[in-house]
Amino acid sequence: MWNILHRKLSELVETKSVLRDHIPIIRRFTGGGTVVVDNGTIFVTLICNKDAVPNVQPFPRPIMSWSGLLYGKVFEGLADFHLRENDYAFGDRKFGGNAQSITKNRWIHHTSFLWDYQVKNMSYLKLPSKAPKYRLTRDHTDFICRMKEHMPRSEFIERTIKAVGDEFSVSPVSLDSIDIDSVSEYVHTTRLLTEQEIREASILQT
C-alpha cells in the first residue's frame with residue numbers, strides 16, 4: 001500500500017486494520033492519493049526533460065492534459081475513456097490514479113492502474129477528505145473499476161508502448177543494464193514506514 005507524502009496517515013488508512021494484518025505502507029516521493037498495491041496493479045511512469053514534449057509546460061495541469069491525450073490513444077475504440085479531474089476513468093468509474101513530481105529541468109508523471117483488485121483490500125482505505133467532484137459520495141467499490149473488464153493486459157501494454165512511441169523514440173532496456181552506482185547518487189525519499197510510525201498514527205485515530 002502506498003500513501004500520500006504530506007497528509008496524515010490517520011486520515012488516509014485504517015491504521016488498526018493495517019497493523020493487525022501486517023500491511024506494509026510505503027510513502028512515495030511523488031505524493032498522490034492512497035493506493036492499495038498488489039500483483040493486480042500496473043505502474044506506468046513517464047520521466048521527461050522539461051522540453052521533451054513540445055508545447056507542454058512543466059506544470060501539473062498541462063502535463064495531466066497531455067497524458068489524457070496519450071492514454072486516449074491507448075483506449076481508443078475500446079472503452080468510454082475520460083480524463084476526469086486528475087483520474088483516468090471509464091465512464092464515471094476510476095481505474096487509474098496519478099501523481100507527479102516536477103523539478104527545474106524535468107518531470108515525472110506516475111500512474112497506478114487498477115488492472116485488478118481484491119474488494120476486501122479496499123477496507124484498509126478511508127474515504128478521502130478531499131475527493132474529486134465526480135466521485136460524489138460513492139464508496140471505493142462503487143467508485144473504481146477493473147481494467148481487465150475492458151481489455152487484455154497484454155493489449156494494454158502493447159498499446160501503451162505504441163502511444164509512447166508516437167511521441168518519443170522508444171527502445172527496450174533490461175534492469176540488468178542499469179548502472180546501479182549512478183542511481184545510488186540520488187537522494188531516496190520514498191521509504192517504508194516503520195511499525196512505530198503506524199502505531200503513532202493509530203493513536204491519533206482513537
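Visitor: How many disulfides does the structure hold?
Guide: The model is predicted. A disulfide requires a pair of cysteine sulfur atoms within 2.5 Å. The number of disulfides in the structure is 0.

Visitor: Is Cys48 buried or exposed?
Guide: A residue counts as buried when its relative accessible area is under 20%. Cys48 has a relative accessibility of 6%. With that value, Cys48 is therefore classed as buried.

Visitor: Is Cys145 buried or exposed?
Guide: The cut-off for a buried residue is again under 20%. For Cys145 the relative accessibility is 8%. Cys145 is therefore buried.

Visitor: What pattern do the helices and strands follow along the sequence?
Guide: The protein contains 6 helices and 8 strands. Read along the sequence, they give the pattern β-α-β-β-α-β-β-β-β-α-α-α-β-α.

Visitor: What percentage of contacts between residues at least 6 apart in sequence join residues at least 24 apart?
Guide: Buried residues account for 39% of the 206 residues in the protein. Turning to contacts, the group considered is that between residues at least 6 apart in sequence. Of these, the share that joins residues at least 24 apart is 69%.

Visitor: Which residues are closest to the centre of the second largest pocket?
Guide: The second largest pocket has a volume of about 1,100 Å³. Its lining is made up of 42 residues. Those closest to the centre are Gly32, Gly33, Thr34, Asp87 and Lys94.

Visitor: Which element gives the most residues to the lining of the second largest pocket?
Guide: At least two lining residues come from each of α2 (60-74), β6 (93-102), β7 (106-114) and α3 (140-143). The highest contribution is 7 residues, and the element that gives them is β6.

Visitor: How many charged residues does the lining of the second largest pocket have?
Guide: Sorted by class, the lining has 18 nonpolar residues and 14 polar residues. Asp, Glu, Lys and Arg count as charged. The number of charged residues in the lining is 10.

Visitor: With which residues is Met64 in contact, leaving aside its neighbours within four places in sequence?
Guide: Met64 belongs to helix α2. At 5% relative accessibility, Met64 is counted as buried. Its C-alpha atom is separated by 34 Å from that of Ser17, which is 47 residues away along the chain. Apart from neighbours within four places in sequence, the contacts of Met64 are Leu83, Glu85, Asn86, Asn98, Gln100 and His109.

Visitor: With which residues is Thr41 in contact, leaving aside its neighbours within four places in sequence?
Guide: Thr41 is placed in strand β3. Its relative accessible area is 8%, so Thr41 is buried. Once neighbours within four places in sequence are left aside, the contacts of Thr41 are Val36, Ser112, Phe113 and Arg153.

Visitor: What is the phi of His22?
Guide: His22 lies in the loop between α1 (15-20) and β2 (26-27). It is exposed, with a relative accessible area of 68%. Although His22 is not a glycine, its phi is positive, at about 55°.

Visitor: What is the phi of Asn55?
Guide: The loop between β3 (41-49) and α2 contains Asn55. This residue has a relative accessible area of 80% and is therefore exposed. Asn55 is not a glycine, yet its phi is positive, at about 70°.

Visitor: What distance separates the C-alpha atoms of Val37 and Pro24?
Guide: Val37 is located in the loop between β2 and β3. A relative accessible area of 26% makes Val37 partly exposed. Val37 and Pro24 are 13 residues apart along the chain, and their C-alpha atoms are separated by 10.0 Å.

Visitor: How far apart in space are Leu125 and Val13, C-alpha to C-alpha?
Guide: Leu125 sits in the loop between β7 and α3. With a relative accessible area of 12%, Leu125 is buried. Leu125 and Val13 are 112 residues apart in sequence, while the distance in space from C-alpha to C-alpha is 4.5 Å.

Methods. Residues are numbered from 1 along each chain as its sequence is written. This is a predicted model: local features need pLDDT of at least 70, side-chain atom pairs count only at pLDDT 80 or more; totals for chains, interfaces and linings use all residues. Side-chain values use heavy atoms; hydrogens and water are left out. On a 1 Å grid over the protein atoms alone, a cavity is a set of points where a 1.4 Å probe fits but cannot get out, and a pocket is an open set with protein on both sides within 12 Å along at least five of seven lines; lining residues have an atom within 4 Å of a point. Grid points are joined across faces, edges and corners, and a volume is the space filled by probe spheres set on the points. Helices (H or I, at least four residues) and strands (E, at least two) are DSSP runs, numbered from the N terminus. Buried means under 20% relative accessible area, exposed over 50%, partly exposed in between (1.4 Å probe, protein chains only). Contact means heavy atoms within 4.5 Å.
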